[in-house]
Amino acid sequence: MSEIRRLNLALQGGGSHGAFTWGALDALLEDERVEIVGVSGSSAGAINAVVMAGGLASGGREGAREKLARFWRMMAGDVAPVTDSPALNAWVAFWRTAFAPPSLLAIVTEASSPYFFNPLNVNPVTEALAELVDFPALRRSDGPKLFIAATNARTGKGAVFRRPILTPLHVMASATLPHLFQAAIIDAEPYWDGGYSGNPPLAPLFYETDCRDTALVQINPIKRDEIPTTPEEISNRVNEITFNATLLSDLAAAEFTRDLVEQGLLSEEKFPIQRLHRIGGDGKLASFPADTKFDLSWPFLLELRDLGRAAAKAWLAECCEAIGRRATLDVKAVLSKTDRG
């Protein structure tokens, strides 16, 4: 019998490109050598994390794979069977047709506010989550630890919501883009997308689980060779830089801590050395135009899923034996690359 490899997952957000993460999770769930211990996520990464955890709680690995596939089919709206809710079906179809074209999206978000063009704050993902995930059962289950990031719109500080309190509202707080949706109100505090404060957060995985291996499923490129020139490209790149800033800071902190432990200046018992890995990263996803992050067409989502599956399977083939033994992500090289271009 193969040795079980225990692994934490850190899932980035990135709109419909989160279907890449769906594919990566599908491959990881398929491989019974891998035990998922903890999952952190922001935005689409948070949604993937919670849908997967809900599936694990109700139906094990195959249940998680089925729930993830069902969620992304629901988001495709007019192409695939959706739900028994006419309101959800109609809103998904409206969202796809009205807001997917980048020019119209830019006009609406620049000229108005979600408090005016979406006064009821209708969000199809909230209903989809409530239908797919049994949240009371999820809160009671003992599956992977969950760390869902959001950003307090009033203070600018990050928040991390954990499994015992999770509701659809907590997950949607992590995916609330302020130009498209009203702030999610939790305990009288307003929350925006978790990507602004942690995309995704790493510290909870490091210090609140007993697993020292964390794989980042990366869908936002750190570096781009071409200069953004169109309004959509500029806006997208600003978001990528903003959302990657906290990730780079967390990686730098982890590397600095490693150096101090190796020099004997910090106790490894209190600051355990982390073995970091990465699935995805700068590659095929970076070649897609900025507006594809709003593309919810089923063929495109399947293309992204297949890319994610292929990336995860390639990583498993090359790096599975390293889990529990050594890091496969050279953090110093990543940080050096970004500094010098």
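**Close-up 1. Antiparallel pairing of strands E3 and E6 in the predicted model.** Strand E3 (residues 145-152) and strand E6 (residues 189-193) run antiparallel and are joined by three bridges. Within this pairing, Thr151 stands opposite Trp192 in E6. The structure shown here and in the following views is a predicted model.

**Close-up 2. The hairpin of strands E5 and E6.** Strand E6 also pairs with strand E5 (residues 184-186), in the antiparallel sense and over three bridges. Ile185 stands opposite Pro190 in E6. Two residues lie between the strands of this hairpin, and Asp187 takes a positive phi near 50 degrees.

**Close-up 3. The cavity found in the whole-structure search.** A search of the whole structure finds one cavity of 30 Å³ or more. The volume of the largest cavity is about 40 Å³. Strand E7 (213-218) and strand E8 (275-280) are the elements that give two or more residues to the lining of the largest cavity.

**Close-up 4. Residues lining the largest cavity.** The largest cavity is lined by Leu202, Thr214, Leu216, Leu251, Leu276, His277 and Leu329.

Notes
Residues are numbered from 1 along each chain as its sequence is written. This is a predicted model: local features need pLDDT of at least 70, side-chain atom pairs count only at pLDDT 80 or more; totals for chains, interfaces and linings use all residues. Side-chain values use heavy atoms; hydrogens and water are left out. On a 1 Å grid over the protein atoms alone, a cavity is a set of points where a 1.4 Å probe fits but cannot get out, and a pocket is an open set with protein on both sides within 12 Å along at least five of seven lines; lining residues have an atom within 4 Å of a point. Grid points are joined across faces, edges and corners, and a volume is the space filled by probe spheres set on the points. Helices (H or I, at least four residues) and strands (E, at least two) are DSSP runs, numbered from the N terminus. Two strands pair if DSSP finds at least two bridges between them.
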